[in-house]
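Subject: Handover of a structure and notes on its contents

Dear colleague,

Please find the structure below. My notes on it follow directly after.

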Amino acid sequence: MNVNDTEVIFSIMGRHGYEKTEDMAEADVILANTCSVRDNAEQRIWGRIDQFGTQKKERPWVLVGIVGCMAERLKDKLLDSHKVDLVAGPDSYRRLPEMVEAATPGHPQIDVQLSREETYADINPVRLDSNGVSAFISIMRGCNNVCSYCVVPYTRGAERSRDPHTIVREACDVVERGYKEVTLLGQNVDSYHFGDESFSALLEMVAEISPSLRVRFSTSNPQDISDEVLYTMARHENICKHIHLPVQSGSDEMLVKMRRRYSREWYLQRVAKIREVLPGCGLTTDVIAGFCGETEEDHQQTLSLFDEVGFDSAFMFAYSERPGTLAAKKYPDDVPQDVKVRRLNEIIALQGRKSLERYRADIGKRFTVLVEGPSKRDAAMLCGRASNYKMCVFPAVKGVTDGERVMGGKDANVLKAGDYVDVIVRDCTAATLICDLA
Ligand code: SAH
Ligand code: SF4
């Protein structure tokens with residue numbers, strides 16, 4: 001979501017004549033788009049702000065701005081540090097050019113007003129990915145859920161959905177520019193609604209733009225993901241069969257304290273429904289270890305849920321208290337750090353074994369992959385994802401197998417980013433499917 005917000009910012013700044021540079025030493029304005037979701041994300045930014053200070057020392061006219069969630073949360077502290085010239089929250093990006101014009105060293109500009117309407121619907125983001133294959137499209141902003149550990153509703157404000165016609169227009173535009181995949185983004189995509197349009201209707205509209213456009217989305221909330229969304233996914237070949245379904249904990253007591261509005265049982269039933277309607281669907285999750293009052297028994301419940309579900313992969317975090325949240329006000333952050341880390345490591349170790357199992361289960365299967373570019377590990381190989389989101393690596397040339405030399409040099413058979421190719425899985429690690437071309 002922050003990558004996409006940065007694309008919006010580049011677009012707004014570009015309209016006012018600003019150009020992007022890859023070299024910080026060349027920049028007159030440095031904007032850091034920030035995340036507040038965990039403390040270490042914020043600590044990294046404080047480190048960056050010090051780095052920017054070196055630029056300011058060498059070139060005193062350089063303006064440093066902190067934008068996004070951390071700007072919203074820490075406006076005063078940022079200004080008091082005397083290290084930043086501009087602080088703009090997630091709903092103030094339209095004002096950035098004007099703020100940059102007005103800011104001078106010693107006279108900082110600040111705008112952290114949250115909005116009930118802003119969706120940047122008319123802004124065509126400047127795409128940052130270099131391969132031109134996959135684009136993010138924000139379909140909504142903010143969140144109305146107030147999970148007790150989470151700072152997002154405070155930094156990003158109330159939920160608002162974007163007009164579906166502007167979303168479809170943006171998707172058509174990226175297709176015209178050669179993109180092959182869009183990911184629809186929202187904190188809780190299933191609560192998307194605009195007039196009578198629901199998320200499943202939006203998903204269908206985007207899927208119908210072109211059969212060769214892949215459609216992904218994130219994030220689904222277990223309490224809101226509807227059967228209609230699953231049936232819509234089943235009806236459209238080009239809607240990728242992957243659902244990111246954050247569980248957060250396997251313990252009912254923790255889920256209540258977290259204010260997640262589902263139980264362990266409900267979660268498992270949703271997983272069963274997904275697997276019934278969409279066999280082979282990729283399933284990933286987020287989990288928090290060591291939330292307030294978490295006992296060994298609660299933790300065991302999380303491990304047993306991970307064991308039972310068998311996620312393909314997971315984002316796993318130690319609980320980090322966020323000031324101002326309900327949990328920070330109501331519950332002591334009482335699981336000692338070493339216990340949090342030990343529990344987190346146990347989840348990571350279990351998930352490592354489960355990932356390997358889940359990837360092994362795909363050996364011998366045939367998948368259609370959208371080529372993203374060269375593989376990071378081996379430049380002679382390409383990589384790209386299967387519909388189920390698993391990363392595949394495979395040879396770059398049709399008709400030659402891994403390791404053989406390409407003779408003749410005619411590249412009609414050489415695959416490139418944006419091509420679709422069928423592969424057969426030969427081997428795997430816990431994070432990659434190693435494939436031959438089919
Ligand atoms: N809207 C998404 C999640 C957005 S935040 C959802 O509801 O699923 C991304 C992930 O960060 C969360 O799923 C959660 O696992 C993690 N997270 C959020 N707040 C956290 C905190 N205070 N400490 C640790 N992890 C946290
Ligand atoms: Fe945070 Fe919960 Fe909203 Fe996700 S749904 S952004 S975890 S408050």
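How many cavities of 30 Å³ or more does the count come to? The count comes to 1 cavity of 30 Å³ or more. On a 1 Å grid over the protein atoms alone, a cavity is a set of points where a 1.4 Å probe fits but cannot get out, whereas a pocket is an open set with protein on both sides within 12 Å along at least five of seven lines.

The model is predicted: local features need pLDDT of at least 70, side-chain atom pairs count only at pLDDT 80 or more, and totals for chains, interfaces and linings use all residues. Residues are numbered from 1 along each chain as its sequence is written, chains are lettered from A and ligands numbered from 1 in the order in which they are written, and side-chain values use heavy atoms, with hydrogens and water left out.

The largest cavity holds about 70 Å³ of space, a volume being the space filled by probe spheres set on the grid points, which are joined across faces, edges and corners. Its lining (residues with an atom within 4 Å of a point) includes Asn4, Tyr120, Arg141 and Glu170. By class, this lining has 4 nonpolar, 3 polar and 3 charged residues; Ala, Val, Leu, Ile, Met, Phe, Trp, Tyr, Cys and Pro count as nonpolar, Asp, Glu, Lys and Arg as charged, and the others, Gly among them, as polar.

The second largest pocket has a volume of about 1200 Å³. Of its 39 lining residues, Thr6, Phe10, Leu31, Ala32 and Asn33 are the closest to its centre. At least two lining residues come from each of helix 1, strand 1, helix 2 and strand 14; helices (H or I, at least four residues) and strands (E, at least two) are DSSP runs, numbered from the N terminus.

Helix 8 (residues 227–235) and helix 10 (residues 264–277) pack at an angle of about 25 degrees. Helix 8 is therefore roughly parallel to helix 10, a term for angles under 35 degrees. Contact, meaning heavy atoms within 4.5 Å, is made by Asp227, Leu230, Tyr231 and Ala234 of helix 8 and by Arg270, Lys273, Ile274 and Val277 of helix 10. These residues divide into 5 nonpolar, no polar and 3 charged.

Finally, serine 387 is in the loop between strand 16 (381–386) and strand 17 (391–395). Not counting residues up to four places away in sequence, serine 387 touches Arg214, Arg216, Cys240, Lys241, His242 and Thr368.

Yours sincerely

Methods. Axes are lines fitted to C-alpha atoms, for helices over the stretch in contact, and angles run from 0 to 180 degrees between N-to-C directions. Angles under 35 degrees count as roughly parallel, over 145 as roughly antiparallel, 65 to 115 as roughly perpendicular and the rest as oblique.
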